[in-house]
Amino acid sequence: MTHEFTETALATKFGNFNIRVYADTQGKETIALCTEQLDITAPALVRIHSECMTGDTFGSLHCDCGEQLAESLTQINRSGNGILIYLRQEGRGIGLFEKMKTYALQKKGYDTFEANVLLGHKPDARTYEKAKMVLNDLGVAHIRLLTNNPAKVSEIEKFGIKVIERVPLVVAPNEHNKRYLTTKRDKFNHLLSDANEDNAKK
Ligand SMILES: [Zn+2]
């Protein structure tokens, strides 16, 4: 079953993509940016990125989302066969309003995991059904997944999508997001590359 979407060419500073936007009655459209050529017989390079308005749009240094997004689009464009799936689940699924409350708590010394729990949220409330929907619609059954998060690999594989390879996303930490990255490693089991790890320890 194909879901309702509209598609057009989109030139970006990262390269030329086809943008496919899926309709959503709640204004939370799911977006897929695909390279101009998409060969579903070969494993496409895929990034499944959850929205982070502060990082993606405003360039916040509190997290590494904006840089991960830029790096993903750069690598996907370079691969010549890839997809960026953009999921509208801000703040690990709790929304921007609640996310800002967790930021306020983090200023008081709680880490991102503790702050979510303190506000009555799951540490990570994200789901990936919409990514499955996009991959199924595009006919993509095996992928190379850009992520540092092994849990995301298993979530995607549960949907019957074969992850041939996990491709690490390396971004340089800054003085503001060091703690955030360390929490991702220690409490969310993300794998930091050696470069990230060395910097995070500094
Ligand atoms: Zn972020």
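This is a predicted model: local features need pLDDT of at least 70, side-chain atom pairs count only at pLDDT 80 or more; totals for chains, interfaces and linings use all residues.
How many disulfides does a search of the whole structure find? The search finds zero disulfides.

**First stop: the zinc ion**

Please select the zinc ion together with Cys-52, Cys-63 and Cys-65. The SG atoms of these three residues coordinate the ion at 2.2 Å. Along the chain, the donors follow the spacing C-x10-C-x1-C. Cys-52 is found in the loop between S4 and helix H1 (53-57), while Cys-65 belongs to helix H2 (residues 65-79), so the pair ties together parts that are 13 residues apart in sequence.

Are Cys-52 and Cys-65 buried or exposed? Both Cys-52 and Cys-65 are buried. For Cys-52 the relative accessibility is 4%; because buried means under 20%, this residue qualifies. Another cysteine to select is Cys-34, which counts as buried at 3% relative accessibility.

**Second stop: helix H6**

Next, select residues 129-138, which form helix H6. Colour its buried residues: Ala-131, Met-133, Val-134, Leu-135, Asp-137 and Leu-138. Which strands do these buried residues pack against? Their partners are strand S2 (15-22), strand S3 (30-35), strand S4 (44-50), strand S5 (82-87) and strand S6 (142-146). Then move just past the end of H6 to Gly-139, where phi is positive, at about 75°.

Now select residues 150-158, helix H7, and highlight Lys-152, Val-153 and Ile-156, which are buried. Turn the view to look down the axis of H7: its buried residues fall within an arc of 105°, so they line one face of the helix. On H7, the buried residues pack against S4, S6 and strand S7 (162-167).

Both ends of this helix deserve a visit. At its start, select Asn-149 and Ala-151: a side-chain oxygen of Asn-149 comes to within 3.0 Å of the backbone nitrogen of Ala-151. Just after H7, Gly-160 has a positive phi of about 85°.

Side chains of opposite charge can pair when their charged atoms come close. A search of the whole structure finds 13 salt bridges, and three of them can be shown in turn.

- Select Arg-88 and Glu-29, whose side chains meet in a salt bridge at 3.5 Å, N to O. Arg-88 sits in the loop between S5 and helix H3 (90-93) and Glu-29 in the loop between S2 and S3, so the pair ties together parts that are 59 residues apart in sequence. Arg-88 is partly exposed at 26% relative accessibility, and Glu-29 is partly exposed at 28%.
- Select Lys-162 and Glu-157, a salt bridge in which the closest N and O atoms are 3.7 Å apart. Lys-162 is partly exposed, with a relative accessible area of 48%, and Glu-157 is partly exposed at 32% relative accessibility.
- Finally, select Asp-186 and Arg-185, a salt bridge whose closest N and O atoms are 2.8 Å apart. Asp-186 is partly exposed, with a relative accessible area of 47%, and Arg-185 counts as partly exposed at 22% relative accessibility.

Terms used: Residues are numbered from 1 along each chain as its sequence is written. Side-chain values use heavy atoms; hydrogens and water are left out. Buried means under 20% relative accessible area, exposed over 50%, partly exposed in between (1.4 Å probe, protein chains only). Helices (H or I, at least four residues) and strands (E, at least two) are DSSP runs, numbered from the N terminus. Contact means heavy atoms within 4.5 Å. Donors are N, O and S atoms within 2.8 Å of the metal (3.2 Å for Na, K and Ca); water is not among the atoms, so sites may look incomplete. The arc is that of the directions from the helix axis to the C-beta atoms. A polar contact is a pair of N or O atoms within 3.5 Å; within protein, one must be able to donate a hydrogen and the other to accept it, and residues adjacent in sequence count only if both atoms are side-chain atoms. A disulfide is a pair of cysteine sulfur atoms within 2.5 Å. A salt bridge is a side-chain nitrogen of Lys or Arg within 4 Å of a carboxyl oxygen of Asp or Glu.
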